[in-house]
Amino acid sequence: MNPGEAKALARGLFLKALPHLAVGPRMKQMVRLRDGVLEIARDRIRLPPGRPVRVVAMGKAAIEMTHTLAEILPHVPLRGVVAAPALPKLPLPGFEYFAGGHPYPNEESWRAAEAALALLANGHLTQDDLVIFLISGGGSALFEMPWEPSVAAGVAPGDAIPRIALQQVRQFYELLVTGGMNIQEMNTLRKRFSAVKGGRLAAAAWPARQMTLYVSDVPGQASSLVASGPTCPDDSNWGDCNDILSRYDLWGKLPASYRTLWEYGKAEETPKPGDRCFARSAYFCLLSNTDAVEQLAELTEAAGIVAEIDTRCDDWPYQNAADYLLEKLAQLRRDNPGKPVAIISGGELRCP
């Protein structure tokens, strides 16, 4: 098999795997409505009569997830906010849509976050309400606005707190994307300075019951890694953030308004495990990176190719990952002389 044929075969197998990873059909398998009770995996939730279900969706799959949920709940009143890369051709009534930016937030990203916080504003929700969060990859940039310090952070009347502008948010994201950090380090910094990440969106939805359905585009199923964990407890702290900023020499590169925000932020943490806002929360992974590589491996082996899954290079610098995977491929070829072989990997790589 020549390189051109091998490339065409790999592409064909990849495209053949995609229909098996469609989020809509997977949602319909996991989420059902029976006699006014919403069933998600083993959870059973009686929908609040006469009250709309609030929905906040963000990420590259936000539109498909939102519209699938509407199909599952055809007679349930829904109100929501959707932040996606583009606007839908047929918007649903009761929803606001925003075409956010990626990999850097844009004005629509900011407006989407503001709209979601307004939807969940304290006083609007009660313990009888239900909020469903639909989260997928890309949500960090598509849905974003900077955190503003409050009295809890030591802000006194008359304090001049510089307001972070959109251009400064974009500069901050550019530092993260090009700084050589892994995804967990980037997320740790994003959570520090965001009004809607690191569990702050869950805090805004308290005391309602909260359900998070998510698609994980990284190995594993940790919900806190998707879109910087807007509905999840944040187990990092300002000390971790300080270490990362120092390790990558970012202090002098931060916009001045971010450096000022840092000083106030040390006194007002993100919600941690055990916080009351997570007491009535549940999390369900619809699809993960693991599902993708396993499906591709199955199709590859069915095509007569010896396949091996290896995701250990996730979050590595891309040069190191390339060298590692090529060596693994060479070893697999030595172990299987005369047979076509393939290494299947998934995750994200760092670009210094």
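1. The model is a predicted one, in which local features need pLDDT of at least 70 and side-chain atom pairs count only at pLDDT 80 or more, while totals for chains, interfaces and linings use all residues. Residue numbers start from 1 along each chain as its sequence is written, and side-chain values use heavy atoms, with hydrogens and water left out.

2. The C-alpha trace spans about 75 × 60 × 35 Å along its principal axes.

3. Among contacts with a separation of 6 or more, 77% join residues 24 or more positions apart (contact: heavy atoms within 4.5 Å). The secondary structure comprises 12 helices and 11 strands (DSSP runs numbered from the N terminus: helices H or I, at least four residues; strands E, at least two).

4. T212 belongs to strand β8, residues 209-215. T212 counts as buried because its relative accessibility is 3%. Beyond its neighbours within four places in sequence, T212 is in contact with F133, I135, T231, A282, Y283 and F284. With T231, the side chain of T212 makes a side-chain polar contact at 2.9 Å (a pair of N or O atoms within 3.5 Å; within protein, one able to donate a hydrogen and the other to accept it, and residues adjacent in sequence counting only if both atoms are side-chain atoms).

Conventions: Buried means under 20% relative accessible area, exposed over 50%, partly exposed in between (1.4 Å probe, protein chains only).
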